Amino acid sequence: MKKVLVIALAVVMALAVVAFVACEQPQTVTGKCYYTAQGTGWSASYGCMVDVTVKGDVITAVKLYTDKEAAAADSTWGDAHRTTPSWTAAEGQLGYEATEAAYEDWLADVFVGKTVAEVNAYKASATADGQSVSTEGVNLKGATQSAARVIVAVQDALSKLPA
């Protein structure tokens, strides 16, 4: 009887160690934000795809897909843009080149090292009417729509983490 008890205890302890180690392994999940905006005589697709790596409850990395990478990963992506290529800088706006250049530092500042709960608390929307695109407190200054798409995509990825 003692032998069975010792073996059972050893199995339980081994399973506990495996569960603990599994919780500390990084997990990477993919998320996206995609919509088509329409106006009089025009329509354009916008989107963002990301890989978010989480260890425990902390985000350790965010990989932002290029438009070409997103199209290769998702056959329905088409020609959606994370940042409008024809967007030129104007007063208070970054424009295409400055936004693209700012992503890496902005991703590190806004997401890396933050908990899942902190990032899920960010307020952002990105919808096809073009009037409901917003962020609160975590904007990429001068690139609200681009920032909103990234935040929504990151939150979509985090929603796919196992409970």
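Author: Angles under 35 degrees count as roughly parallel, over 145 as roughly antiparallel, 65 to 115 as roughly perpendicular, and the rest as oblique. The model considered here is predicted.

Reader: Which orientation do helix 3 and helix 5 have to each other?

Author: The axes of helix 3 (residues 95-110) and helix 5 come within 12 Å. They cross at roughly 40°. Angles under 35 degrees would count as roughly parallel, and those from 65 to 115 as roughly perpendicular. Helix 3 and helix 5 are therefore oblique.

Reader: Which residues of helix 5 make the contact with helix 3?

Author: Helix 3 passes helix 5 in a right-handed crossing. On the side of helix 3, the contact is formed by Thr99, Tyr103, Trp106 and Leu107. By class, this contact has six nonpolar, two polar and no charged residues. The residues contributed by helix 5 are Ser146, Ala147, Val150 and Ile151.

Reader: Which helix gives the most to the lining of the largest pocket?

Author: The largest pocket has a volume of about 220 Å³. Its lining includes Tyr46, Trp87, Thr144, Gln145, Ser146 and Arg149. By class, the lining has three nonpolar, seven polar and one charged residues. With four residues, the greatest contribution comes from helix 5 (residues 144-158).

Notes. Residues numbered from 1 in each chain as written. Predicted model: local features only at pLDDT ≥ 70, side-chain atom pairs only at ≥ 80, totals over all residues. Heavy atoms only, no water. 1 Å grid on protein atoms, 1.4 Å probe; cavity = no way out; pocket = protein on both sides within 12 Å on 5 of 7 lines; lining within 4 Å. Points joined across faces, edges and corners; volume = space filled by probe spheres on them. Helix = DSSP H or I, 4+ residues; strand = E, 2+ residues; numbered from the N terminus. Nonpolar A, V, L, I, M, F, W, Y, C, P; charged D, E, K, R; others polar. Axes fitted to C-alpha atoms, helices over the stretch in contact; angles between N-to-C directions. Left-handed = near helix turned anticlockwise from the far one by under 90°. Contact = heavy atoms within 4.5 Å.
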